[in-house]
Amino acid sequence: MQNSLFYSHVEKNDLNSEILENIENHANAYPSEQFYIITAPLGENKYKYGYEDSAIVILSPKHKIMFVDLNNGGDRFSEYVDDFIDDVNSISDKYDYQEHIGRARTWKRHFTSKLKPSNNIEKILKDNELDEADFRKCELLISLITGSINNIEKVGVDTPQTTLERVKHNIILFDGEQTRFIYKQLPHKRISIQGLSGTGKTELLMHKLKELYASESKVKIFFTCHNIALSNTLRDRVPAFFDFMKVQKQIQWNSQLWVDRAWGSKQNKNSGLYSYICDFYNLTFYSWNKNTTYNDIFSRALKELKERKNIQPAFDYILIDEKQDFPEVFFELCEIITKYKIYVAGDIFQDIFENNIRKEVENVDYVLNKCYRTAPRILMFAHAIGMGLFENKKLNWLEDSEWESSGYIVEKRNEEVRLSRNTIRRFEDLEEADISNMNLVKYTGIDQVVNIISSIINDNPTVEPSDIAIIMLDRGNYIYETIDSLEYVIKTKLGWEVNKAYENKQKLPNKLFISNVNNVKGLEFPFVICITNKIDDSYSYRNSLYTMLTRSFLQSYLLVANDDNIQCQRDGLRIINELGIIQTREPTRTEKAFIKRQIVKVKSQNNLSFYDFINKILSNQNIEKKHWKKFIQALPDSYKESFDEDGIIEFIKDNKKYYCI
């Protein structure tokens with residue numbers, strides 16, 4: 001299995017094949033070390049050199065940029081190195097790095113070396129190690145060379161002094177799989193990536209979009225997803241991202257670039273992918289209703305198109321986020337209407353009770369299993385408590401290949417199973433700081449929450465209110481009384497403003513975030529405090545518990561009021577914090593079969609149609625049945641498509657006086 005931190009952009013030949021093989025073997029033996037093997041800067045196709053076939057460049061964090069002469073080129077090799085460095089200097093100027101890291105004549109003396117080929121990769125690396133004071137500058141150079149551009153103003157050059165600042169200002173370098181997705185050319189039309197939440201899928205699609213849009217003067221691209229809120233977020237992100245990446249080509253909205261949801265409306269052809277293709281091909285448009293599904297509309301559109309000859313492509317490229325929200329027929333349709341490629345990103349875990357991970361990673365080009373959002377010990381505990389791995393009666397279990405696809409290293413000792421994860425560069429400092437990333441304690445009241453926040457402030461002097469989230473895991477109405485009390489005490493004792501996100505549905509600067517579980521998707525915080533009455537056994541609760549704990553990238557707290565039956569979770573967390581492993585017992589074949597039956601049963605029960613979903617809410621809100629039709633007709637489409645229970649309840653409460661007459 002190839003090390004996912006190793007990337008080679010070099011075509012093998014007689015000169016380089018041996019050293020390339022030795023470097024890759026070393027990378028596989030040391031899977032936590034990151035390597036890029038290139039001959040020219042990545043990110044733009046304009047960099048070409050006459051000596052490329054006779055040299056390679058080795059990039060690895062904490063080491064110099066190593067130029068290796070494979071053919072005793074003399075002056076030709078020196079010219080190649082000088083030209084390469086000049087081009088990196090130009091990239092540095094383009095992205096405003098120069099004033100922070102200096103001109104090439106300064107940094108090339110400290111951060112580059114010229115080498116003869118050697119099979120002793122360990123010695124090459126040892127001889128080219130950098131002092132710790134130089135790590136960040138050289139990593140910034142590597143980020144420029146590999147196209148993993150960082151905001152130099154935000155990450156800075158100097159090494160941050162606190163753990164919080166080191167993690168927040170970590171220099172991002174694409175790993176091998178991420179880099180392959182951006183730069184490797186594959187022959188087939190549909191290119192797909194799958195990964196856990198937090199592995200960088202959406203960011204990779206943004207980079208791919210930039211590469212495609214900027215490389216051609218006339219191009220048609222549609223970037224789509226299911227969720228309206230996500231499509232709005234993506235559309236807002238694109239201009240800022242293009243500006244940051246110095247894309248000189250102006251965005252031609254709705255003529256060269258579309259960013260919108262998959263369905264849309266008949267009245268506006270640019271409101272969604274389906275709307276556009278129905279207009280473009282003069283297909284029958286089917287509006288949303290409770291009995292019409294994605295599978296229906298895309299199957300009908302595909303059938304109509306297949307009955308025609310010489311179908312003209314509607315787009316050159318289509319990019320699709322959140323693959324798991326779409327049926328297979330949607331991708332088949334996209335392939336037919338696209339001239340070149342479609343790029344598809346999806347989540348291995350739609351939830352932690354996904355019981356078909358093996359199928360999810362079949363025929364996938366790139367599997368991303370390194371989670372860059374959440375510290376490994378938090379992620380391990382969240383998976384373990386969510387799936388019941390510490391308990392005798394487990395709620396879910398993965399086979400070895402599925403654990404590995406999710407980024408785990410599996411070690412078995414008879415019935416005992418140990419699951420561990422490799423260290424992620426972003427969280428190296430956490431290991432050194434010996435910080436307790438995950439905390440499980442008894443909940444004693446709002447004063448305890450304020451004390452935890454105070455301790456966070458004391459340990460992290462630069463912490464801001466928006467760095468902290470408090471999430472109520474339970475669904476009872478009592479949580480809103482608790483939130484009101486928390487708001488008052490936090491304002492009174494800490495002087496911080498509070499953002500009750502279930503009211504405004506957004507994260508606000510300089511305000512501490514408090515919410516129920518329905519308004520946190522896609523957000524991340526350095527610190528998360530989750531509060532619950534007890535650890536419930538329901539699948540929906542455990543999935544929410546997993547999701548909320550992993551919103552943190554530095555520390556998570558789980559406060560449990562009724563802690564009588566959580567000793568197994570405490571013991572499991574102690575082992576994670578001490579040894580960095582999940583220690584559990586593999587279920588028997590009979591137990592595994594029972595687990596799968598239970599998951600299938602629960603999923604079938606939860607698979608409500610929107611008709612049943614809205615009727616249940618209206619009933620619970622004590623709306624007389626004769627008024628239901630008015631509410632359903634008046635509901636915004638966004639609530640219908642996303643099954644937004646909180647939004648629908650709020651809509652019902654706000655409109656009772658209008659429709660219940």
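Buried here means under 20% relative accessible area, exposed means over 50%, and partly exposed is in between (1.4 Å probe, protein chains only). This is a predicted model, where local features need pLDDT of at least 70 and side-chain atom pairs count only at pLDDT 80 or more, while totals for chains, interfaces and linings use all residues. Residues are numbered from 1 along each chain as its sequence is written, and side-chain values use heavy atoms, with hydrogens and water left out.

View 1. Let's start with C530, which counts as buried at 0% relative accessibility. Its closest cysteine sulfur belongs to C371, and at 15 Å that is too far for a bond. C225 is buried too, with 0% relative accessibility. For C225 the closest cysteine sulfur sits in C334, 12 Å away, again too far for a bond. A disulfide is a covalent bond between the sulfur atoms of two cysteines. Here the rule is a pair of cysteine sulfur atoms within 2.5 Å, and searching the whole structure turns up 0 disulfides.

**View 2. Strand β15 and its two partners.** Helices (H or I, at least four residues) and strands (E, at least two) are DSSP runs, numbered from the N terminus. Two strands pair if DSSP finds at least two bridges between them. β15 pairs in the parallel sense with β18 (residues 525–532) over 5 bridges, and there I468 has F527 as its bridge partner. β15 also pairs in the parallel sense with β17 (residues 512–515), over 3 bridges, where I470 is partnered by I514.

**View 3. An open sheet of 3 strands.** The strand order is β12-β13-β20, and the pairing is antiparallel. The edge strands, β12 (409–413) and β20 (582–585), each pair on one side only. Neighbouring strands are turned by 25° against each other on average, direction ignored; the axes behind that angle are lines fitted to C-alpha atoms (for helices, over the stretch in contact), and angles run from 0 to 180 degrees between N-to-C directions. β12 and β13 (residues 416–420) share 5 bridges, and V410 stands opposite L419 in β13.

View 4. You'll find N437 in the loop between α18 (428–433) and β14 (438–442). N437 is buried, with a relative accessible area of 1%. A polar contact is a pair of N or O atoms within 3.5 Å; within protein, one must be able to donate a hydrogen and the other to accept it, and residues adjacent in sequence count only if both atoms are side-chain atoms. The N437 side chain makes such a contact with the side chain of R377 at 2.8 Å, and it reaches the backbone oxygen of L554 at 3.1 Å.

View 5. Rings of Phe, Tyr and Trp (its six-membered ring) pair if their centres lie within 6.5 Å; planes under 30 degrees apart count as stacked, over 60 as edge-to-face and the rest as tilted. That rule gives 34 aromatic pairs. One aromatic cluster is formed by W263, Y274, F285, Y294, F298, F326, F330 and F331. A charge sits over a ring if NZ of Lys or CZ of Arg is within 6 Å of the ring centre and within 35 degrees of the ring normal. K220 does this over the face of F315, 5.5 Å from the ring centre, and the charged end of R421 sits over the ring of Y408, 4.6 Å from its centre.
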